[in-house]
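Subject: Structure handover

Hello,

Here is the structure I said I would pass on. My notes on it follow below.

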Amino acid sequence: MFGDRSVRRVEPPPGSAISGWYAGADLLDSYAVDAAADDATMRAIADRALGTPPRWFRALVAVRDGAVAPFGVQTTAELRRARPDRARIDFFPVLAESTDEIVLGEDDRHLDFRLSILRQVGPHGSMLIVTTAVRTRNRFGRLYLRAIYPFHVLVARASLIRAAARR
């Protein structure tokens, strides 16, 4: 799963709805994968990527929630309770949605993040690009970002593979 060579790091797409977040981001990365033609909505693609996470991802989130709750950071359960099902994909709030892009994100005391899943259709097929932009607000946000970054890369790549898989 993690060794899939079809996922590659790419430059953040200038046409993304979150491109305004690129300047000043403390974390900015994009990963792409070629995908078969897919007429699914971006919400359906995001749901494939994040809606029913694998056990290893749920375990990471449980560890994260336990570690950050004492510091007043929102847990995934709190994020779920804060929004109705239609306004989120799992615990990720949906901020914007169009024919070829969905933007998820949250603003918190320690950091603000945006996650874009963008579909680019070209003459030789489709490509899905996952872009993450994070802006930290304080020292805790910077420490948190440093601690989760290795896991972020694994999750981003694995989620992209799930997004490209047609069900």
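Strand β2 and strand β7 (residues 125-136) pair in the antiparallel sense over nine bridges; two strands count as paired if DSSP finds at least two bridges between them. Across this pairing, A35 stands opposite S126 in β7.

Before the rest, some ground rules. This is a predicted model, in which local features need pLDDT of at least 70 and side-chain atom pairs count only at pLDDT 80 or more, while totals for chains, interfaces and linings use all residues. Residues are numbered from 1 along each chain as its sequence is written, and side-chain values use heavy atoms, with hydrogens and water left out.

Strand β2 (residues 27-35) also pairs with strand β1 (residues 8-10), antiparallel and through three bridges. There, V10 has S30 of β2 as its bridge partner. Seven of the nine residues of β2 are buried, so the strand is largely enclosed by the rest of the structure. Buried means under 20% relative accessible area, exposed over 50%, and partly exposed in between, with a 1.4 Å probe and protein chains only.

Helices (H or I, at least four residues) and strands (E, at least two) are DSSP runs, numbered from the N terminus. Of the 167 residues, 47% count as buried. The C-alpha trace spans about 50 × 30 × 30 Å along its principal axes.

Regards
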